[in-house]
Amino acid sequence: MFFTTVIILCGLYLCAFAHDNKTEDQSLSVDETINKLLDHATYDLQDAGIAMLLKELKDARSHERNNRRVNSSRYITSIYTRWGRRACPAGASLVYEGFAAGGEYRDTGAAANYLCLPQSPDWDNKSNNPGGVGLIYGAEYESHKSIFQHLAEHDVPCAVCQVPRSSVVMVPGKNTCFKNFVKEYSGYLMAGQPTQNAASEYVCVDGEPEPASKSLTTDLNGKLFYFVRAKCGALKCPPYKEGDDLTCVVCSYSP
């Protein structure tokens, strides 16, 4: 009986550790077998040493699974853009520093989104005078008479950041994160003006913004950043109210 059980245990041990590429379901089936043997150890196994071996095998399996989770988590990352800053916050890695850019605010056919253009573009020079082109411009803070007055007409920087967490979300109207989320940065919601021809989008600009590299205060326009305020109606007031700049926060998931 003892010899037969040892052969079974050795077989389970080899199955458990020789097949790291098994699916989670297959891995669980081995664990379930070990658990069943442990549950019936006092009835089916006469030698207490066999039950101890089963317990050690179960603990080893648990340790292996934990190590596998740790190793896999090293490859889980998320990317986000930090608008208004040239570097990433603590805990995030800089992918690249860039210039905020987009379509010209007066162009009805301009693209709506803001882009973070890298400082060192690559060119392949393969295009040969196409019939029509889209245009992209630099971006400026339109922040006269505001808390960002000192940055009015300055060019807007951006930083693309990487964090070792599974997902990132921008929450408008908040400057703190919800439970199980870590704050990457907070600031103010900004977009284009509704009276302008070009569409835009809402982005979260850092609450301590700075000018872009080599920025000038020359009013060249292009893609523009304005503060955003609530308009009561379908948007309920309270809790929202007119006359105040909307905050925002960028959060990463960290349970």
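Predicted model: local features only at pLDDT ≥ 70, side-chain atom pairs only at ≥ 80, totals over all residues.
**Notebook: salt bridges, core and a surface patch**

I started at Arg86, which comes out partly exposed with a relative accessible area of 31%.

**Entry 1, the Arg86 partner.** What does the side chain of Arg86 meet in a salt bridge? I looked it up and found Glu97, at 2.8 Å from N to O. Arg86 sits in the loop between strand 1 and strand 2, while Glu97 is in strand 2, and the two are 11 residues apart. Is Glu97 buried or partly exposed? Glu97 counts as buried, since its relative accessibility is 19% and the cut-off for buried is under 20%.

I stepped back to the whole chain. I get four helices and 10 strands. The chain has 255 residues, and 34% of them count as buried. For contacts between residues at least 6 apart in sequence, I noted that 73% join residues at least 24 apart. The accessible surface comes to about 15800 Å², with 54% of that belonging to carbon and sulfur atoms.

How many salt bridges does a search of the whole structure find? Eight. As a reminder, side chains of opposite charge can pair when their charged atoms come close.

I followed up Arg85 and found a salt bridge with Glu210, where the closest N and O atoms are 3.2 Å apart. Arg85 is in the loop between strand 1 (78–83) and strand 2 (93–102), and Glu210 is in the loop between strand 8 (203–206) and strand 9 (223–227), so this pair ties together parts that are 125 residues apart in sequence. Glu210 counts as partly exposed, at 23% relative accessibility. The pair also belongs to a salt-bridge network, in which Arg85 and Glu210 are linked with Arg82 and Asp206.

Next I checked Glu184, whose side chain meets that of Arg165 in a salt bridge, 2.8 Å from N to O. Glu184 is in strand 7 (residues 181–191) and Arg165 is in the loop between strand 5 (157–163) and strand 6 (168–172), so parts 19 residues apart in sequence are tied together. Both partners, Glu184 and Arg165, are buried.

Which residues of the largest nonpolar core touch the most other members? Out of its 30 residues, I wrote down Tyr80, Trp83, Val205 and Phe225. Strands 1, 4 (137–141), 5, 7, 8, 9 and 10 (247–253) each give two or more residues to this core. Strand 5 gives the largest share, five residues. The background here is that nonpolar side chains tend to be buried together in soluble globular proteins.

I then listed what Val205 is in contact with, leaving aside neighbours within four places in sequence. Trp83 and Phe225 are on that list, and it also includes Tyr141, Tyr185, Tyr188, Met190 and Cys248.

Leu115, Leu117 and Ile136 make a nonpolar surface patch of about 230 Å². Where is Leu115 placed? Leu115 is in strand 3 (residues 115–118), and with 38% relative accessibility Leu115 counts as partly exposed.

Note on methods. Residues numbered from 1 in each chain as written. Heavy atoms only, no water. Buried < 20%, exposed > 50% of the residue type's maximum accessible area, 1.4 Å probe, protein only. Contact = heavy atoms within 4.5 Å. Areas by Shrake-Rupley, 256 points an atom, 1.4 Å probe, with all protein chains shown as cover. Salt bridge = Lys/Arg side-chain N within 4 Å of Asp/Glu carboxyl O. Patch = residues over 30% accessible without salt bridge, like charges linked within 9 Å, V, L, I, M, F, W, Y side chains within 5 Å. Core = buried A, V, L, I, M, F, W, Y, C linked by side-chain atoms within 4.5 Å.
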